[in-house]
Amino acid sequence: MKKLLTAVLTLAWLTPIATMSQQRTIELKVVETSDVHGHFFPYDFIEGRGLQGTLSRANTYINRLRAQYGNRLLLIDNGDILQGQPCVYWSNYVMPDDANLAARVINYMGYDAETVGNHDIETGHKVYDKWIREVRCPMLGANIVDTGNNLPYVHPYALIEREIAGDDPHAARTKVRIAIIGMITPTISCWLGEQLWQGLEFQEMVGCARRWVKYVQQVEHPDLILGLFHSGLSGGIVMENGLEENATERVAREVDGFDAIFFGHDHQLHNQTLKSPSGRDVLCIDPSCYVKNLAEATITLTYDGDKLVGKQVKGELIDVRNEEIDQQMVSHFQTDIDKVKAYVGRQIGTFVTEASTRDSYFGNSAFTDFIHQLQLQITGADISLNAPLSFDEKINKGPITVADMFKLYRFENLLTVMTMTGRELRGHLEMSYDLWTNTMSSASDHLLKLNANSRNDQQRMGFTNYTFNFDSAMGIDYEVDVTKPEGEKVRILGMSNGEPFDENKVYKVVMNSYRANGGGDLIVKGAGIPKDEIQSRIIYQSDKDLRYYLMQEIERMGKVTPRAGHNWKFVPEKWVKAAAKRDRQIIFNR
């Protein structure tokens, strides 16, 4: 079994030599999953093939640990479990009255605590409130506050007590008290409309952690304090009010009391030791996403009588992609698996030609433009904005199934129309193409902003920035001159219907709810629309997710011929053609 990135930290108190013979040790295991995104079973319901990662493989490893450690094992999950694979969509929206599948999986595997992730909140109150009720372990979120009573909406922490014999089976059992404080990234409002989190407030993490550490120390007197944070290590969004998307590192460095922090959200592997304000070591560990790895801490506690005198914490990232499938778990959920396979296998139409996201980075593409066309068709808006939400996806020529719709549109965003002036729209596009394209000074330069260090980043894949923020537009004709400096690349030639484009005119612009709510900063920083003005600009938002309406439209059309439009291009074409060919080879090895 492959084990990666080992980090060890030790906290020891001096103990008189005369009492050493009375000391005994207890070894605990804490295992974290994070950003599971519906990867429960060894089957990719979108692609129709097996999966390496998944909880069904991880559970084989976890069961081996349980056989060895018994009640000295703690299993925790870090949220973002309700979106991703079609099995959770099916449970959340197609069969909403049945017991939530994600809750049933958590209960089956015997988790001890779980946090809420931002993609869980994106499912809406009706879905996640039911999920929270049905999960049997404590659901944590110390910084999720109910604005009606100013109290935490879910448990701020879990206190887990285990009576353990230790290394001497004849000695008295020791009661070990473990506090787990959970938090979520507080920048929810940057991505999600208020209707999804109405009545909730997401508080800043450092101050919240400081309050709750002090509380559990004074009230619960735990032997260990663990963090379980759905927030990345550092970086990301910083809102005007100071809320930080990824604040795990700040908490570790600025708040005393944590022995280890298990985190996630950023889809990155992390395993490192940071120093608290008092100089104590804090393990910070993140298993990334899709259950390819588990974050595991081995914690050795040393007691002198009933007094805790030493701790050692060792962190490891455990690769579980090639574990054997837990067939007993699969059998337990086989009826659900069969129902989801039947659901995603239903044909809803036919593609006359194939469509690939690969073309989306180099100009008009059949994949992106088909979504543009449907957004305009469904809403009657003047202009559509859309980005490739999957780095490298393709829908083949032939029958289109429900599974293909998860390739066409990855997330459960809502369809949103908002008003924007022509000048705001151009600012939006300027920022998008600045994220996307290099400023070429010669024909040998790159067209795209590439970064070889991000090849293994699940959300950048060799680009400098996230591809889901590479918005293009339909409804206008324009050129992107990659020889111009940032902020001056986009030249709008006119409306695609032949009317002139007016920077002072107000247009109806359709996009997904993530973008309309300020996600990616294109609306706020690019278009220059103040965050507190966004809601007043929204003139339509769908009740159901955008994928649902795209599916309806395809069923109505029957036969579909996705075609790339001809409304925009990169210039100068002589430079761009050769640069695009070189960059395509770098990104896709073809």
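Where is the place of N59? N59 is in helix α1, residues 55-69; helices here are DSSP runs of H or I with at least four residues, strands are E runs of at least two, and both are numbered from the N terminus. Before going on, the model is a predicted one: local features need pLDDT of at least 70, side-chain atom pairs count only at pLDDT 80 or more, and totals for chains, interfaces and linings use all residues. Residues are numbered from 1 along each chain as its sequence is written, and side-chain values use heavy atoms, with hydrogens and water left out.

Back to N59. With a relative accessible area of 3%, N59 is buried; the term buried means under 20% relative accessible area, exposed means over 50%, and partly exposed is in between, with a 1.4 Å probe and protein chains only. Leaving aside neighbours within four places in sequence, N59 is in contact with Y108, M109, D326 and M329, where contact means heavy atoms within 4.5 Å. For an idea of distance, the C-alpha atoms of N59 and F463 are separated by 34 Å, and the two residues are 404 apart along the chain.

How many aromatic pairs does a search of the whole structure find? The search finds 32. Rings of Phe, Tyr and Trp, the last by its six-membered ring, pair if their centres lie within 6.5 Å; planes under 30 degrees apart count as stacked, over 60 as edge-to-face, and the rest as tilted.

Y108 and F333 make one of these pairs: the ring centres are 5.5 Å apart and the planes stand at 75°, so the pair is edge-to-face. This pair links distant parts of the chain, 225 residues apart, with Y108 in helix α3 (residues 101-109) and F333 in the loop between α8 (327-332) and α9 (334-344). Y108 is partly exposed at 28% relative accessible area, whereas F333 is buried at 0%.

Another pair is Y433 with W436. Their ring centres are 4.6 Å apart and their planes are at 10°, so this pair is stacked. Both residues lie in helix α12, 3 residues apart, which is about one turn of the helix. Y433 is buried, at 0% relative accessible area, and W436 also counts as buried, at 0%. Ring pairs link Y433 and W436 into a cluster with Y361, F391, F463, F470, Y478, W568, F570 and F588.

Some rings have a charge over them. The rule asks for NZ of Lys or CZ of Arg within 6 Å of the ring centre and within 35 degrees of the ring normal. K341 lies over the face of Y43, at 4.1 Å from the ring centre. The charged end of R547 sits over the ring of F406, 3.8 Å from its centre.

An open sheet of 3 strands has the order β27-β26-β31, with mixed pairing; two strands pair if DSSP finds at least two bridges between them. β27 (490-495) and β31 (568-571) stand at the edges with a single partner strand each, so one side of each has no neighbour in the sheet. Neighbouring strands of this sheet are turned by 15° against each other on average, direction ignored. Axes are lines fitted to C-alpha atoms, for helices over the stretch in contact, and angles run from 0 to 180 degrees between N-to-C directions. β26 (residues 476-481) runs parallel to β31, joined by 4 bridges, and the bridge partner of E479 in β31 is K569. Helix α12 (residues 422-436) packs on this sheet, touching β26, β27 and β31, and its direction makes about 135° with that of β27.

A further open sheet of 3 strands has the order β9-β8-β12, with antiparallel pairing. Its edge strands are β9 (151-152) and β12 (200-202), each pairing on one side only. β8 (residues 144-146) is joined to β9 by 2 bridges, and D146 stands opposite L151 in β9.

Last, the cysteines. How many disulfides does the count come to? The count is 0, a disulfide being a pair of cysteine sulfur atoms within 2.5 Å. The sulfur of C208 is 17 Å from the closest cysteine sulfur, in C284, too far for a bond. C208 counts as buried, at 0% relative accessibility. C289 is in no disulfide either, and the nearest cysteine sulfur, that of C87, is 15 Å away. C289 counts as buried too, at 2%.
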